[in-house]
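Welcome! Please take a look at the sequence and the model below, and then read the briefing that goes with them.

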Amino acid sequence: MSSDRVRVRGLTIFRPIIYGNTATVLAEKERQTLPHADHTHKWTVAVRSAASAPGSDIVGGADDIAHFIKRVSFKLHDTYPNPSRNIDKPPFEVSETGWGEFEIQIRITFVAESGEKAMTLYHHLKLHPWAAAGEPEIPPLNVAIKMGPVHSWQYDEVVFNDPFQNFLNILTAHPPTPLPKVRRKPVPFHLANPNSLEASRGGVPEFSQAMEKEELERVEEARKAVVAETDKWRNTLIEKEKELSELQKLVANQS
Ligand code: SLL
């Protein structure tokens with residue numbers, strides 16, 4: 001066996017990626033040029049490297065990912081012609097027009113050197129702006145168009161355990177651009193954060209290291225809230241059980 005096909009045991013290496021979509025309401029003029037009068041949005045679904053290029057108006061994509069990804073297959077809704085779209089070179093993305101949101105299956109095939117199985121991700125194509133409390137879920141198109149492009153992106157890390165030596169060489173020859181410590185643009189961005197509304201309202205979001213910390217803080221806050229709620233109900237339960245046993249005693253004494 002060539003030494004290239006030797007696994008480096010105990011070593012784990014990962015590559016940060018993002019997957020998701022941007023969507024824009026079609027202007028009236030654009031709609032008229034389309035063969036589909038009912039299409040209201042244009043959108044792009046993509047798999048990219050996580051870091052954004054400085055000054056770029058696209059989310060992520062600073063680095064080449066083709067050295068470890070061979071193919072990305074996007075499985076669109078069956079209302080689309082040829083719904084399985086195979087993309088064999090970067091950019092790994094599909095642009096379409098349409099009228100509705102749906103689940104997209106994203107299957108990532110890795111380069112042969114990796115010896116890895118394909119990986120499947122799911123992304124809900126998002127066309128409509130993130131709604132704040134009290135706002136209608138789906139604003140009318142003339143309102144949505146003013147809010148600017150909608151962004152829905154998910155950060156993920158592709159983890160390679162015990163990589164083959166030659167694949168490890170390929171990976172280390174392409175170090176990923178680190179995420180900026182904090183976002184360089186004044187655009188708050190996190191899907192789980194209601195304050196991220198601005199992300200879908202005219203700004204281009206960017207993933208940063210600070211977001212991981214913020215996410216941890218959100219998880220910790222949620223954990224504390226769950227513990228407090230559990231304590232509250234446990235106390236209520238104890239009280240009610242006391243009440244029950246007193247009532248049972250009362251009933252027993254009367255019969
Ligand atoms: C819905 N379950 O009802 C979803 C389906 C399908 C979206 C959405 C275009 C299709 C074409 C298109 O937007 N399909 O090209 O005819 O909301």
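Predicted model: local features only at pLDDT ≥ 70, side-chain atom pairs only at ≥ 80, totals over all residues.

Residues are numbered from 1 along each chain as its sequence is written, and side-chain values use heavy atoms, with hydrogens and water left out.

**Domains**
- The protein is divided into domain 1 (3–207) and domain 2 (209–255); such bounds come from an automatic or database domain assignment.
- Between the C-alpha centres of domain 1 and domain 2 there are 41 Å.

**The sheet with β1**
- Four strands make an open sheet in the order β5-β2-β1-β8, and their pairing is antiparallel. Helices (H or I, at least four residues) and strands (E, at least two) are DSSP runs numbered from the N terminus, and two strands pair if DSSP finds at least two bridges between them.
- The edges are taken by β5 (92–98) and β8 (150–161); each has a single partner strand, so one side of each is left without a neighbour in the sheet.
- From one strand to the next, the twist averages 15°; axes here are lines fitted to C-alpha atoms, for helices over the stretch in contact, and angles run from 0 to 180 degrees between N-to-C directions.
- Strand β1 (residues 12–25) runs antiparallel to β2 (residues 41–49), and nine bridges join them. T24 has K42 in β2 as its bridge partner.
- Helix α3 (residues 165–172) lies across β1 and β8, at about 55° to β1; contact means heavy atoms within 4.5 Å.

**The sheet with β3**
- An open sheet of four strands, paired antiparallel, has the order β4-β3-β6-β7.
- Here β4 (84–87) and β7 (119–124) stand at the edges with a single partner strand each, so one side of each lacks a neighbour in the sheet.
- The twist in this sheet averages 20° from one strand to the next.
- Four bridges pair strand β3 (residues 69–75) with β4 in the antiparallel sense, and F74 has R85 in β4 as its bridge partner.

**The ligand site**
- Which residues surround the ligand? They are H39, H77, T79, Y80, G98, W99, G100, E101 and F102; a residue is near a molecule if one of its heavy atoms lies within 4 Å of it.
- A polar side-chain atom of T79 is 3.0 Å from a nitrogen atom of the ligand.
- An oxygen atom of the ligand lies 2.7 Å from a backbone N or O atom of W99, and a polar backbone atom of G100 lies 3.2 Å from an oxygen atom of the ligand.
- Of the 460 Å² of accessible area that the ligand has on its own, the protein covers 71%; accessible areas come from the Shrake-Rupley method with a 1.4 Å probe.

**Backbone details**
- Most residues other than glycine have a negative phi, and most peptide bonds are trans.
- N82 is not a glycine, yet its phi is positive at about 40°; N82 sits in the loop between β3 and β4.
- P90 and P91 are joined by a cis peptide bond with omega of about 0°, and P91 belongs to the loop between β4 and β5.

How values were computed: Polar contact = N/O pair within 3.5 Å; in protein donor to acceptor, adjacent residues only side chain to side chain.
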